[in-house]
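Q: I would like to learn how to read charged pairs, helix packing and surface patches in a model like this one. Could we go through them one at a time?

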Amino acid sequence: MRYKTHLITTFVLATPSAYMTNNLDLLSVCGLAIGALLPDIDEPNSFIGRRIPIIPNIVKIIFGHRGMTHTLLATMLFVYLAIEFPNEFTKMLALGYFLHIVEDTFSVNGVQWFAPITAKKIAFKWYITGKTSETIIMGIMLIYLCLEYYIILL
């Protein structure tokens, strides 16, 4: 997914629980947004990769795109961070990170959830990144997000 689709989809998925637990403050929203983009640190041309010099190149060389940053192991590191430093930012960061991996699982390329134990990819093949299928998903999610916030603001 492109960064816009990740952000919108992550907010659609996280908003109901964030609202019900009073976690729609600025710090939580920032944590969620960063978490939604962070797994793509393994791609120098990604939204986050273009903003952080050198690191994405190193990560991509070592792990490849959708390598170790797109695994359950990497997600668990962020969950551990949220447990060790329990605040709304780290909790939402971990949630955003996890949701990014879930979202990429629905792409044609899929995700190696259980690497390094196995290289088997899980792919539900709903969309191709950057193609019409992703644009349709982004449009649907944007409408849904607007409806969620409309309901919240009532």
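Q: How many salt bridges does a search of the whole structure find?
A: Side chains of opposite charge can pair when their charged atoms come close. In this predicted model, a search of the whole structure finds four salt bridges. One of them joins the side chains of E134 and R2, at 3.4 Å from N to O. Because E134 belongs to helix α6 (residues 132–153) and R2 to the segment before α1, this pair ties together parts that are 132 residues apart in sequence.

Q: Is E134 buried or exposed?
A: Buried means under 20% relative accessible area, and E134, at 0%, therefore counts as buried, whereas R2, at 34%, is partly exposed.

Q: Which residue forms a salt bridge with K91?
A: The partner is E88, with the closest N and O atoms 3.5 Å apart. Because E88 and K91 are three residues apart in helix α5, about one helical turn separates them. Both are partly exposed, E88 at 26% and K91 at 41%.

Q: At what angle do the axes of α2 and α5 cross?
A: The axes of helix α2 (residues 26–37) and helix α5 (residues 88–105) cross at roughly 30° and come within 6 Å. Angles under 35 degrees count as roughly parallel, so α2 and α5 are described as roughly parallel to each other, and the crossing is right-handed.

Q: Which residues form a nonpolar patch on the surface?
A: The patch consists of I54, I58, I61, I62 and F63, which together have about 550 Å² of accessible area. F63 lies in helix α3 (residues 55–63) and is partly exposed, at 43% relative accessible area.

Conventions
Residues numbered from 1 in each chain as written. Predicted model: local features only at pLDDT ≥ 70, side-chain atom pairs only at ≥ 80, totals over all residues. Heavy atoms only, no water. Patch = residues over 30% accessible without salt bridge, like charges linked within 9 Å, V, L, I, M, F, W, Y side chains within 5 Å. Areas by Shrake-Rupley, 256 points an atom, 1.4 Å probe, with all protein chains shown as cover. Helix = DSSP H or I, 4+ residues; strand = E, 2+ residues; numbered from the N terminus. Buried < 20%, exposed > 50% of the residue type's maximum accessible area, 1.4 Å probe, protein only. Axes fitted to C-alpha atoms, helices over the stretch in contact; angles between N-to-C directions. Parallel < 35°, antiparallel > 145°, perpendicular 65-115°, else oblique. Left-handed = near helix turned anticlockwise from the far one by under 90°.
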